[in-house]
Amino acid sequence: MNICGLDLFTLVNFVLSLLIFLFGCWSYIKTKNKAPCYIGVAFGLFSLSHLISLVGMESGLRDTIILVRAFSYFIVLTTLYRMGRKSV
């Protein structure tokens, strides 16, 4: 499904990941807790990868997008692990 020529699935993912990025930054500013900042940065990277897809550059940057998304998942996983160990 497309809206204004944009894939709806990718557009929704872009908007939601951008919101999580913004809330992560806001939460860090309010609490000085690094965990929301790390998770926000990861979702900011997800947002960037979705934006690349939305503007039609995905085919030329497919390998880069995979690396960015894998790194983003790694950030979230290590942050959650550190939170579980109470070292964030």
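Helix 2 and helix 3 cross with a left-handed sense in this predicted model. Their axes, from residues 34-54 and residues 62-84, come within 9 Å and cross at roughly 165°. Since angles over 145 degrees count as roughly antiparallel, helix 2 is therefore roughly antiparallel to helix 3. Here is a friendly tour of that pairing and of the helices around it.

**Where helix 2 meets helix 3**
- On the helix 2 side, the contact is made by A35, Y38, I39, A42, F43, L45, F46, S49, H50, I52 and S53.
- Helix 3 brings I65, V68, R69, F71, S72, Y73, I75, V76, T79, L80, R82 and M83 to the contact.
- What kinds of residues make up the contact of helix 2 with helix 3? They divide into 16 nonpolar, five polar and two charged.

**Helix 3**
- I65, S72, I75, V76 and T79 are buried in helix 3, and the buried residues of this helix pack against helix 2.
- K86 follows helix 3 and has a positive phi, near 60°.

**Helix 1**
- Which residues of helix 1 are buried? They are T10, F14, S17, G24 and S27.
- The buried residues of helix 1 pack against strand 2 (6-7) and helix 2.
- Helix 1 (residues 8-31) has 24 residues, which at 1.5 Å a residue should span 34 Å; its end C-alpha atoms are 34 Å apart, so the two agree.
- After helix 1 comes K32, with a positive phi near 65°.

Notes: Residues are numbered from 1 along each chain as its sequence is written. This is a predicted model: local features need pLDDT of at least 70, side-chain atom pairs count only at pLDDT 80 or more; totals for chains, interfaces and linings use all residues. Side-chain values use heavy atoms; hydrogens and water are left out. Axes are lines fitted to C-alpha atoms, for helices over the stretch in contact, and angles run from 0 to 180 degrees between N-to-C directions. Helices (H or I, at least four residues) and strands (E, at least two) are DSSP runs, numbered from the N terminus. Angles under 35 degrees count as roughly parallel, over 145 as roughly antiparallel, 65 to 115 as roughly perpendicular and the rest as oblique. A crossing is left-handed if the near helix is turned anticlockwise from the far one by less than a right angle, and right-handed if clockwise. Contact means heavy atoms within 4.5 Å. Ala, Val, Leu, Ile, Met, Phe, Trp, Tyr, Cys and Pro count as nonpolar, Asp, Glu, Lys and Arg as charged, and the others, Gly among them, as polar. Buried means under 20% relative accessible area, exposed over 50%, partly exposed in between (1.4 Å probe, protein chains only). The expected span of a helix is 1.5 Å times one less than its number of residues.
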